[in-house]
Amino acid sequence: MRFQLTEDQRALRDGVRGLLARRFGAEALRAAVERPGLDRELWRALGAAGFFSLRLAEAEGGVGLGLPEAVLMFEEAGRALLPGPLAATHLAAGVVPGAADGEAVVTAVGGGGLVEWLDAADVVQGDVTGAVPMRSVDPLTPLWRVPVPDSAVEPDPLFLLLTAAEQLGTAVRMCETAVQHARTREQFGRPIGAFQAVKHLCAELLVRVEVARAAVYAAAVTADPVDVAAARLLADEAAVRGARDCLQVFGGMGFTWEADVHLGLKRAWIRAERGGSNTESEDLLAGELLIEVG
Amino acid sequence: MDLSYTPEEEEFRARLREWLAKVLPSLPPKPSPDDWPGRRAYDLGWQRMLYDAGYADVHWDASPTVRLIFLEETEKAGAPYVGANFVGLLHAGPTIAAEGTAEQRARWLPPVLRGEEVWCQGFSEPEAGSDLAALRTRAYRDGDEYVVTGSKIWTSHAEVADWCELLVRTDPSAPKHRGISWLAMRMDAPGVTVRPLRTLAGSTEFAEVFLDEVRVPVAHRVGEENDGWRVTMVTLSFERGTAFVGEVVACRRVLGEIAREARACGRWDDPVVRRRLGRLNAEFRALWRLTQWNVSEAESSGGVPGVGGSVFKLRYSRARQELYEAAAEVWGVGALDLDQGWVTDRLSSLAYTIAAGTSEIQRNIVAERILGLPKG
Ligand SMILES: Cc1cc2nc3c(=O)[nH]c(=O)nc-3n(C[C@H](O)[C@H](O)[C@H](O)COP(=O)(O)OP(=O)(O)OC[C@H]3O[C@@H](n4cnc5c(N)ncnc54)[C@H](O)[C@@H]3O)c2cc1C
């Protein structure tokens, strides 16, 4: 058992991190908030970097890597707060022409009848008849609702897992942001991170990240739907609670539009709804308890 | 990222499983929780069986992965818990193995492995718990012996221990972290008095230990004089890093039992109960994955477990308490009946956020040593 990143996986992660830092750093994120809209050029750049074709066989023009590598990339995307229907397009690679190389933008009807980026998408998977636009809470994720969601459609475990990986990345960002602020912001003549109340918020941020990371990576190795359900619950918790705690560490500044903290929280909220309600994942996990013991 | 085991590891697992299936039915009945001599004999007897079958040193010499398999399989099979051997096998032993001289290793390690001697941990004092370095138990040198006076508290298994890993102050004038030494003290030495303390679970799991001019040979000091704090950090990293691993498996088993009980008594139909149990399943699955992650890391870095153990302990100790809260919801008024075995476990779970460093102290460690936040 070598449940650690391999050299290649580390290199892949660092490569994606570098690419996203260059193409979608803090400045770009702010600029995107001011001028929302899907950046087609960036989408193609992601395609060229293999973001969508990563798991496609080499014979089909893909990179031929696996789910663990995809999860690492999606974690980085979540860390960068990269907008767009990334998971839907990734899953459409090899199925929808143009998805693999980033020429096509693909969105899908998520659990609960939520559709992201409907206006920007070239292809929509699922029935969007009568879709109504919402005034989206997240300035970087336009949203539509399908009036009567097809409740029979089970969310695809891979869609849930890639979403969980994005949540993990955002949780990492929130932890890093909180710690960075706690080290530099001074009150009472010392960094606020020296105060235990703040220190303990930061410690719990990290604990949630590490527990979620173990669950998400393990689900990437096994692709087991029960592992995915667990990963999803823990990653949602890490991202949503993490963003709220980060906001707390930022104090009044955290409540402003300028601090990026709210962007993390809002994105985390949307992703938590993508796979439908948590109840289904919890029920799946509960049911497994009875199966396992016979 | 790989969760599969090597053929050798799988073979170890299969062999162990087969052995457990053979020997477990022949074990004598478990002694009652208050029968201390009986518990000592039982725990040592089990250790002896492990020794004879070649499994005794798995906590020390085996790779972290093999140790993980050992803990997983013994727990799944319902084998006895380390019990009174906890300190000897899981932290005093590994500390002596890492820091002791060849002579010390030869003197102390084999009897632990053969199930002949029990150790206890004399770290905490009435005035030095979380602030362990404030300990006051004094030791001055008299020839080739230390003369030790003071008192220790919360000493688990003190009643049945042969040896104590003891922290003493050997230089009272030095800054508090500098003047400490780590000694191995015989519990039957003249001047040692053990006074059992009753826990909230009603048992005498731990005790107060009074030391009145107890003589300990200088040769029984592990590490240099006044360098005991460093040795202590080694002990604590073993205690926090690996000692709780097998228990995650036990918690998953208990969770399954709670689910079955919920189905049997009709509580399963309550979606709130089901969701709660489902969430706990996610929690313990993730904690098991985190365990595998930490073990893989220990395997690649080799040696003493790192501060990652604090991350694990923080979440695990809370989850274990939530597990028994959920059980209480399922059991209803049965949760108030001490004749139900798991009610004692519920009470015991309250210790987990305190013993081996409280959650507050673990959060300080995570914040300062992993995240690099300034000391308060
Ligand atoms: C079941 C059990 C078995 C034990 N077995 C042993 C044993 O075998 N050998 C042994 O040596 N010890 C043992 N202990 C002792 C254990 O290590 C101590 O209880 C623990 O370290 C806490 O110390 P304390 O009890 O003095 O509490 P205190 O240190 O007095 O703490 C009381 C409260 O104050 C908080 N607190 C203290 N300092 C800080 C701080 N700096 N920041 C924030 N909060 C703080 C604590 O978190 C806690 O909530 C055992 C304890 C238990 C419960």
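This is a predicted model: local features need pLDDT of at least 70, side-chain atom pairs count only at pLDDT 80 or more; totals for chains, interfaces and linings use all residues.
**View 1. His157(B) sits in a loop with a positive phi.** The loop in question runs between strand S3 and strand S4 (163–169) of chain B, and His157(B) lies in it. Although His157(B) is not a glycine, its phi is positive, at about 60°. With a relative accessible area of 10%, the residue is buried.

**View 2. Trp117(A) is a further non-glycine residue with a positive phi.** Look for Trp117(A) in the loop between strand S2 (114–116) and strand S3 (123–125) of chain A. Its phi is near 55°. Trp117(A) counts as buried, at 3% relative accessibility.

**View 3. Phe51(A) and Phe74(A) form one of the aromatic pairs.** Over all chains, a search of the whole structure finds 17 aromatic pairs. In this one the ring centres of Phe51(A) and Phe74(A) are 5.0 Å apart and the planes meet at 40°, so the pair is tilted. Phe51(A) belongs to the loop between helix H3 (40–48) and helix H4 (67–80) of chain A, while Phe74(A) is in helix H4 itself, so the pair ties together parts 23 residues apart in sequence. Both partners are buried: Phe51(A) has 3% relative accessibility, and Phe74(A) has 0%.

**View 4. Trp154(B) and Phe206(B) pair across two strands of chain B.** Here the ring centres lie 5.5 Å apart with the planes at 55°, so this pair is tilted too. Trp154(B) comes from strand S3 (residues 145–156) and Phe206(B) from strand S7 (residues 206–217), which puts the two 52 residues apart and links distant parts of the chain. Trp154(B) is partly exposed, at 47% relative accessible area. Phe206(B) is partly exposed as well, at 22%.

**View 5. Five aromatic residues of chain B join into a cluster.** Ring pairs connect Phe12(B), Trp19(B), Trp46(B), Tyr55(B) and Phe70(B).

**View 6. Arg67(B) is buried without a salt bridge.** You will find Arg67(B) in helix H3 (residues 64–76) of chain B. The nearest side chain of opposite charge belongs to Glu299(B) and is 7.5 Å away, whereas a salt bridge needs a nitrogen–oxygen pair within 4 Å. A polar atom of the Arg67(B) side chain does lie 3.5 Å from the backbone oxygen of Val58(B).

View 7. How far is the sulfur of Cys175(A) from the closest cysteine sulfur? The distance to Cys202(A) is 6.9 Å, too far for a bond, given that a disulfide needs the sulfur atoms within 2.5 Å. Cys175(A) is buried, with a relative accessible area of 5%, and Cys202(A) is buried at 0%. Over all chains, the disulfide count comes to zero.

View 8. In an unreviewed entry, UniProt lists residues 6–89 of chain A as "domain: Acyl-CoA dehydrogenase/oxidase N-terminal". This span is 63% helix and 0% strand, and its end C-alpha atoms lie 26 Å apart. For residues 120–213 of chain B, UniProt gives "domain: Acyl-CoA oxidase/dehydrogenase middle", again in an unreviewed entry. That span is 0% helix and 51% strand, with 19 Å between its end C-alpha atoms.

Definitions and conventions
Residues are numbered from 1 along each chain as its sequence is written. Chains are lettered from A and ligands numbered from 1 in the order in which they are written. Side-chain values use heavy atoms; hydrogens and water are left out. Helices (H or I, at least four residues) and strands (E, at least two) are DSSP runs, numbered from the N terminus. Buried means under 20% relative accessible area, exposed over 50%, partly exposed in between (1.4 Å probe, protein chains only). Lys and Arg count as positive and Asp and Glu as negative; His and the chain ends are not counted. A polar contact is a pair of N or O atoms within 3.5 Å; within protein, one must be able to donate a hydrogen and the other to accept it, and residues adjacent in sequence count only if both atoms are side-chain atoms. UniProt positions are given in the numbering used here, feature names are shortened, and annotations may be inferred rather than shown by experiment. Rings of Phe, Tyr and Trp (its six-membered ring) pair if their centres lie within 6.5 Å; planes under 30 degrees apart count as stacked, over 60 as edge-to-face and the rest as tilted.
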